[in-house]
Amino acid sequence: MQKLADFKLPQFFNYPPYFTLQPVRDTREKQIQLWKELILDYCKSQKIFLIGVEEDFPLFSNSAIDRSLSHEARETFLSAIVGEGRAEWLDKGHRKCLVLWHRIQDWADIILQFVRDNGLEDSVMTVEEIRSGTESLGTELQGIDRTILMRALKLLENKGKLALFKGTSADDEGVKFSV
Amino acid sequence: MGNLFVKKPKITEVDRAILSLKTQRRKLGQYQQQLEKVIEAEKQAARDLIREKRKDRALLALKKKRTQEELLKQVDQWLINVEQQLADIELTSKQKAVFESLKQGNSAIKAIQSEVNLDDVQKLMDDTAEAKAYQDELSAILGEKLSAEDEEDILAEFDNLESQLIVEDMPEVPTTELVPEEPEKMDLPDVPTKAPVASNAETTPTKRKVLEEPLEA
């Protein structure tokens, strides 16, 4: 198996046909399924949150077999993931895609677990601290995309588990937990 | 924090203060990193300048590095102060929480104790002691009477039982004695054919025997 920065690529990545969008419906569906899983797994392992359709995403081309996914193919696969609810288009033109290899609800649960593990109930943290503080080193929350984090925090706020607030204008956004 | 009306936790001034401090901490951390980079760069620049034999420029670079290093020391100190204050706030709020809990506990004890009056308890104990003493006396009196009455009753019952048993015993004896007599009675009719006088003499003594024996028992 090939490796892409510590990530084990599946066998099909080396088969040229998989890089062409298949016309036959059944084959295409199987192809889409494989690519969906590959993209999600890869993003999860590399902690990638954003995919630009036009960009040089490592998965989109395999130089060993001299093949790369066409724009249409990329869009098809990403749309399939969006359809499943594991991603979102950030713009109407389908150029940027926010990958939710954890759903927003999953992220919310991860945050709650994080708060419990570190005894942060009834305490105040800055949003930046959640992303890059000492407590989140080594957890899933390290380096999480800000948009996704804010969404998850808003979700928890609606449930009453925390409150988002701002101090003076110079301060970070703050979160007060009360799980 | 437990308020029924508001779903989310309330933000207090303390929270804002903590937020401010944490933000400051992060920003100071970033400033530290920035200074470290500049120091490194100046060191490198000084090295290069010395190599190029431009002593005065090199000295300048070193002076700049020195200023940055002083600044870094100060930022380190500020950072320590910020961390210290954060820890103090945390400690104080915990102290307050403990104090509140103890206060609540104290009120609870007072409330329960107020329901039980000390005088009432004393009165209750006295009443109980009185009742117990009365009971003991009663038992003592009852106990004496019983022993005198008991004796008479028991003796009476004993005599009763005795006479009952005697009456019960008597009827039993005849049944066992009667059985061996019957075959002799059956024989009697035969005897008269030979010597009627002799048989009569025989029967009467036996009859007498039957009548007498129950009385002897």
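I started with the contact, which takes 22 residues from chain A and 16 residues from chain B. A reminder to myself: this is a predicted model.

Next I looked up the area. Chain A and chain B bury about 1,700 Å² between them, and 57% of that lies on carbon and sulfur atoms. On the chain A side, I noted that A:Val124, A:Phe165 and A:Lys176 supply 31% of the area buried against chain B, more than any other three residues.

I found 4 salt bridges across the interface of chain A and chain B. One of them joins the side chains of A:Glu129 and B:Lys22, at 3.6 Å from N to O.

Which elements give two or more residues to the side of chain A that touches chain B? I listed strand S8 (124-126), helix H4 (127-132), helix H5 (146-158), strand S9 (162-166) and strand S10 (173-177) of chain A. S9(A) gives the largest share, 4 residues. By class, I have 6 nonpolar, 7 polar and 9 charged residues on that side.

Last, I checked phi angles. A:Lys47 has a phi near 55°; I placed A:Lys47 in the loop between helix H1 (25-46) and strand S3 (50-52) of chain A. A:Asp66 has a phi of about 60°, and I found A:Asp66 in the loop between strand S4 (61-62) and strand S5 (67-68) of chain A.

Buried or exposed? A:Asp66 is exposed, with a relative accessible area of 64%, while A:Lys47 is partly exposed at 33%.

Conventions
Residues numbered from 1 in each chain as written. Chains lettered and ligands numbered in written order. Predicted model: local features only at pLDDT ≥ 70, side-chain atom pairs only at ≥ 80, totals over all residues. Heavy atoms only, no water. Buried < 20%, exposed > 50% of the residue type's maximum accessible area, 1.4 Å probe, protein only. Contact = heavy atoms within 4.5 Å. Buried area = accessible area lost by both parts, 1.4 Å probe. Nonpolar A, V, L, I, M, F, W, Y, C, P; charged D, E, K, R; others polar.
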